[in-house]
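This report covers the ligand site, the metal sites and some backbone features of one model. The sequence and structure come first.

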Amino acid sequence: MIPVRGYAAQDARSPLAPFQFERRDPGPRDVQLDILYCGVCHGDLTMARDELGFSRFPLVPGHEIVGRVVRVGNEVKKFKTGDLAGVGCLVDSCRTCDSCQEGLEQYCTTGNVQTYNALEKDGKTPTLGGYSEAIVVDEDFALRIPANLDPAAVAPLLCAGITTYSPLRRQRVGPGKRVGVVGLGGLGHMGVKLARAMGAHVVVFSQSDRKRADALRLGAHELVVSSNPEALAAQAGRFDLILDTVSAVHDINAYLGLLRRDGHLSIVGVPERPLEVSVLPLLIKRLGFSGSSIGGLPETQEMLDFCGKHGIVSDIELIPIQGINDAFERLQKGDVKYRFVIDLKRLA
Ligand code: NAP
Ligand code: ZN
Ligand code: ZN
C-alpha cells in the first residue's frame, strides 16, 4: 500500500484538516500519479458539508486532478513515467452496460465509481479524492493533457470544463446559435469560453453588474443582470440554448421565456432543494428541458483536445492546501475568479 497525505472533512461541520490514508499499489492496468494540482469545485463544498445527505466521512474531496505519472502497471499502454495525466469525476464503471459501451460512463446503469465519496468495485474501499498528494487509477479513467496548456489551469477542465462542454455539444452549439450562460462561476466561465470557441453568440446572466468586464474578457458578447426584470424581458424569445450553472435555488421560469421555439434549457447546477417549473412555456414553444452530468471518458478527452487546439484553460486562483477552508468560505459567497486550484506540490 502507498501512504498518502491529504486533507479531509471528518463530518459535515468540521473544517478540512490533514488526514493520512493509504492507496493500493498500482495493478497491471493502473497508473500512479503524484498530484500536482486539484481544482476546487462547488460540488466539493456541497459534499464536504453533506448538503445532499449522502456524504461518507472521512471525505477527501477533489475531482479536477492533474498529476505526473510516477509508476505504471505492466499492461498500461496510454502513459509512461513522466507524462502528465488528468483524473476527473470518475475512476471506474461497469464497462458493460449500454452507457459504458457508448462511452457515457457517467450514466453507467449499474453504478460507476466516483473519484471520491464512493466505494471501489470491491464494495468496501472508500474512494478518496484529489486534495491529496497521490492517486492510483485505471489508465482507462486517466486523461491525456495537451502539452501546450498550463497544467494548473487545466485542472478545472476535468469537471467544470466537461460539464459545460457536454451539453453545449449535445445541443449542437455553433455559429448562428445564441447561447445564454446563467451564473458566472467555475462552470459558467468555462461555458462562456467553450461556447465562444464553438462560434456562438454568448450572453451571460449574472445576479449583478459586478462581473460585466470579466464576462466580456472571457468571451461573452453581453452580460444581462438577471435581477433586473426589464433587462430579462428585453431578451425574450431570442435564445437557442440556456445553460444554467447556478448552485442555489432560483427561478428558472424566467429563462424559459427567453427561449425561441424548440429552444432548450439545460441545467447543470445542483440546487439543494427542488425547483418549480412552469410547464406552459414548455408547451407553447415546444421547449426542451434537461439535465446533464459531467461527461464520459471519450468526450472528456475530446474536450481537452478541443481546449488544447483553442488555447482554452480556466481562470484560476492558485492556493496552498492550508488555505482550503478560506477558499470554501469565499466560494460560498461567489468570491472567486473563477476557480480555486490547490497547488499540491506545497502540501509538505
Ligand atoms: P460556483 O463557482 O460557486 O458558481 C455558481 C454561480 O452561480 C455563482 O458564481 C453565481 O454566479 C451563481 N449563483 C450562486 N448563487 C446564486 C443564487 N442564489 N441565485 C442566482 N445565482 C446564483 O459553482 P460551480 O463550481 O460553477 O458549480 C455550479 C453548480 O454546478 C454547483 O451546484 C455544482 O455542484 C454543480 N456541478 C454540477 C456538475 C454536473 O455534472 N452537472 C458538475 C460540477 C458541478 P453570478 O455571480 O454570476 O450570479
Ligand atoms: Zn465538480
Ligand atoms: Zn456501466
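## Terms and model

Helices and strands are runs assigned by DSSP, helices (H or I) having at least four residues and strands (E) at least two, and both are numbered from the N terminus. The model is predicted.

## The site of ligand 1

Which residues are closest to ligand 1? Among the 25 residues that surround it, the closest are His-42, Leu-187, Ser-206, Lys-211 and Arg-339. Three of these residues also place a polar atom by an oxygen atom of the ligand. For His-42 a polar side-chain atom is 2.7 Å from an oxygen of ligand 1. For Arg-339 an N or O atom of the side chain lies 2.6 Å from an oxygen of ligand 1. On its own, ligand 1 exposes 920 Å², and the protein buries 86% of that.

By residue class, the shell around ligand 1 holds 10 nonpolar, 13 polar and two charged residues. Helices α1 (42-48) and α5 (186-197) each contribute at least two residues to this shell. Both domain 1 (2-159 + 295-346) and domain 2 (163-291) supply at least three residues to the shell.

## The zinc ion with four donors

The zinc ion that is ligand 3 is coordinated at 2.3 Å by the SG atoms of Cys-94, Cys-97, Cys-100 and Cys-108. In sequence, these donor residues follow the spacing C-x2-C-x2-C-x7-C.

Why is the arrangement around ligand 3 called tetrahedral? The four donor atoms subtend angles of 104 to 119° at the zinc ion, so the arrangement is tetrahedral; the criterion for four donors is that all angles lie between 85 and 135 degrees. For four tetrahedral donors the ideal angle at a metal is 109.5 degrees.

## The zinc ion with three donors

The zinc ion that is ligand 2 is coordinated by Cys-41 (SG), His-63 (NE2) and Cys-159 (SG), at 2.0 to 2.3 Å. The spacing of its donor residues in sequence is C-x21-H-x95-C. Cys-41 is in the loop between β3 (30-39) and α1, while His-63 is in the loop between α1 and β4 (65-72). This pair, 22 residues apart, links distant parts of the chain.

## Backbone features

Most peptide bonds are trans, and most residues other than glycine have a negative phi. Where are the cis bonds described here? One is the peptide bond from Phe-57 to Pro-58, with omega near -5°; Pro-58 sits in the loop between α1 and β4. Another cis peptide bond joins Lys-337 and Tyr-338, with omega about -20°. Tyr-338 belongs to the loop between α11 (324-332) and β17 (339-343).

Asp-262 is not a glycine, yet its phi is positive, at about 65°. Asp-262 lies in strand β14 (residues 259-267).

Key: Residues numbered from 1 in each chain as written. Chains lettered and ligands numbered in written order. Predicted model: local features only at pLDDT ≥ 70, side-chain atom pairs only at ≥ 80, totals over all residues. Heavy atoms only, no water. Near = heavy atom within 4 Å. Polar contact = N/O pair within 3.5 Å; in protein donor to acceptor, adjacent residues only side chain to side chain. Areas by Shrake-Rupley, 256 points an atom, 1.4 Å probe, with all protein chains shown as cover. Nonpolar A, V, L, I, M, F, W, Y, C, P; charged D, E, K, R; others polar. Domains from an automatic or database assignment. Donors = N, O, S within 2.8 Å, 3.2 Å for Na, K, Ca; no water. Tetrahedral: all angles 85-135°; square planar, octahedral: opposite > 155°, others 65-115°.
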